[in-house]
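Please keep the sequence and the model open beside the text while reading.

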Amino acid sequence: MRLVHDKSLMVIVDLQAGLLPVVANGDQAVKEAAWLGGLAGSLEVPVWVTEQYPEALGGSEPRLLDALPGHRLWQKAHFGAHDEPDFAAALAESGRQQIILCGAEAHICVMQTGLGLLEAGYEVYWLMEATASRRVAEARLARERMVQAGAVPVSADMVAYEWLNRCDDERFKYAHRRFLKQRSARPLVF
């Protein structure tokens, strides 16, 4: 099953300024989520950002939000975003079935969001390099559990090229100049 841009929606979970200093590979998660979120915006793929208890954890990382013009911000009390009735209703209304999921912490809010989405019948794509936890082992365990539950592990490059689908149109040329070319030499931790 390939990703198609007009069936996709990106959900970035809780990459918040107060949480990121204690998250292993948090800086990479922000950069990768911002990169793919920016590309998503250029392809008219909706990007939704969640925040958990921003009064204590701070708002979303400013570098992330700066890269995401047109994103939709959701504040949540449940660890799993899909457990929020307004979120679930808006997602159903969107008609998008392919959810690219990333954020922090992998083993708590990202995983519970992903499990809720899978239970509701959505295809979930776990964005590997943009999903992190305080402890790397917990992020790895969350990924394993999500894959066993039916999520598909993906990289941002995989998603980008599947969304673009071809190299001979203006969308690709723009994406190559603006997003793809600059990324090619960036080292990543999976």
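The points below go through the salt bridges and the residues that form them.

1. Please bear in mind throughout that this is a predicted model. When the whole structure is searched, nine salt bridges are found, and the points that follow look at some of them.

2. One of these salt bridges joins the side chains of Arg63 and Asp27, with a distance of 2.6 Å from N to O. Because Arg63 belongs to helix α3 (residues 62-66) while Asp27 belongs to helix α1 (residues 26-42), the pair ties together parts that lie 36 residues apart in sequence.

3. It is worth checking how accessible these two partners are in the model. Arg63 has a relative accessibility of 39% and counts as partly exposed, and Asp27, with a relative accessible area of 38%, is partly exposed as well.

4. Another salt bridge is formed by Glu138 and Arg135, whose closest N and O atoms are 2.9 Å apart. Glu138 is partly exposed, having a relative accessible area of 24%, and Arg135 is likewise partly exposed, with a value of 48%.

5. Finally, Asp169 and Arg171 form a salt bridge in which the closest N and O atoms are 3.7 Å apart, a distance that still counts because the cut-off is within 4 Å. Of this pair, Arg171 is partly exposed, with a relative accessible area of 30%.

Note on methods. Residues numbered from 1 in each chain as written. Predicted model: local features only at pLDDT ≥ 70, side-chain atom pairs only at ≥ 80, totals over all residues. Heavy atoms only, no water. Helix = DSSP H or I, 4+ residues; strand = E, 2+ residues; numbered from the N terminus. Buried < 20%, exposed > 50% of the residue type's maximum accessible area, 1.4 Å probe, protein only.
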